[in-house]
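Hello,

Here is the structure for you to look through. My notes follow below it.

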Amino acid sequence: MKISVIIPVYNAARTINKTIGAILSLVEANPAVEIIAVDDGSIDATPEILKTFKQIKTIRQENSGPAAARNTGAKAAAGEILVFTDSDTIPEAKWLFQLTRPFENPEIMATTGTYSIANPNSPLAEIIQKEISNKHASYDEFIKFGGTYNLAIRRSLFQKIGGFNEGYRRASGEDNDLCYRILREGYLLKFVPQAIVAHYHPENPVKYMKEQFRHGFWRAKLYIDHPTRIAGDNYTGIRELIETSSSLFCLAALVFSIFKSARKNFLFKAASLLVLLLLTATEMVMALKITFKPGKSLFATAVFVARSFARTAGFLAGLQFFALKKTTGLKTLPNSEKEQ
């Protein structure tokens, strides 16, 4: 069974050495496994670093986004099984074996694994990892969504559904979109918790909020493309709906209060405060699930609340942009959503 490991790479000079080094240590020159790195127009030292790895196939393209980079890698791949990971992950020792072993069953068409943490000394990264672990702990054997940081799919199915949708220009939403199209074909993803890659989670709260704005922005396109998925999947559920609706109400109440009388202004602000308290309580429940230490739980609650507003603001911006794009044919992304 020929396997192709595909890595989209963009300005990953800080991490790509560890990613490729870890994968090479797993395959040990196994002729049944090829590694393909697709440099998506990097402008840092990434191209020079990739040249040092003679054992892998390297492709360079103009910057087109991770979805396009993965498709480029898939077109060049010889494998029956396409395995995707990211340039800021460090696969653990049995990752590739665990992720691909289920394909011995011809009925299995796609598999997905999980995260561990590559930077555990960061308080923010630690919170992000604990939240992910909490969500993944509730997964069943077959799920509806898996991230492309750790996903494998039969080449035949990948070609049948048309690969990744390159309309998702940034690293957000393209993996959901792929999984939802897998579901349309009548398949699910087999969750393999033993297939683990360590990931460098964000450490800077401001950069994390910008990232979450981006996720909200592209989720607008995702729900336009897949309106039946607004209710969520295995990863997004009732909590995310509470976050978005609560944040949206607070933002709307703040805007409306500007144009109302003093009495109605007070009512809007009071209602907004109550909804904010509901949101905070919801986030505190999750914070207490992942840590009972008072300082960390308060920090986690604050991060989750701020993230809710960042995602909602991004979602509103995305709705506006993609609605305008649909009616006018607009193609240029807002500055906040262009590749940095």
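Helices (H or I, at least four residues) and strands (E, at least two) are DSSP runs, numbered from the N terminus.

Before you read on: this is a predicted model, where local features need pLDDT of at least 70, side-chain atom pairs count only at pLDDT 80 or more, and totals for chains, interfaces and linings use all residues. Residues are numbered from 1 along each chain as its sequence is written, and side-chain values use heavy atoms, leaving out hydrogens and water.

**Around β2**

In a regular strand, side chains alternate between the two faces of the sheet. Both faces of β2 are covered. Val33, Ile35, Ala37 and Asp39 are buried on one side. Glu34, Ile36 and Val38 are buried on the other.

β2 pairs with strand β1 (residues 3–9) in the parallel sense, over seven bridges. Strands count as paired if DSSP finds at least two bridges between them. Ile3 sits opposite Val33 of β2. The chain gets from β1 to β2 through α1, in a right-handed β-α-β crossover. Right-handed means that, with the strands pointing away from the viewer, the path from the first strand over the helix to the second runs clockwise.

Strand β3 (residues 57–60) also runs parallel to β2, joined by four bridges. Thr58 in β3 is the bridge partner of Ala37. β2, helix α2 (residues 46–51) and β3 form a right-handed β-α-β unit.

**Cores**

The largest nonpolar core holds 43 residues. Such a core is a set of buried Ala, Val, Leu, Ile, Met, Phe, Trp, Tyr and Cys residues joined through side-chain atoms within 4.5 Å. Val5, Val83 and Trp95 have the most contacts inside the largest one. Helix α1 (residues 16–27) gives the most to this core, five residues. A second, separate core has 26 residues, including Ala74, Ala77, Tyr139 and Ile161.

**Whole chain**

The protein chain has eleven helices and nine strands. Its radius of gyration, taken over C-alpha atoms, is 21 Å, close to the 20 Å from the globule rule (2.2 Å times the number of residues to the power 0.38) for 340 residues, so the chain is as compact as a globular protein of that length. Buried residues make up 51% of the 340.

Best wishes

How values were computed: Buried < 20%, exposed > 50% of the residue type's maximum accessible area, 1.4 Å probe, protein only.
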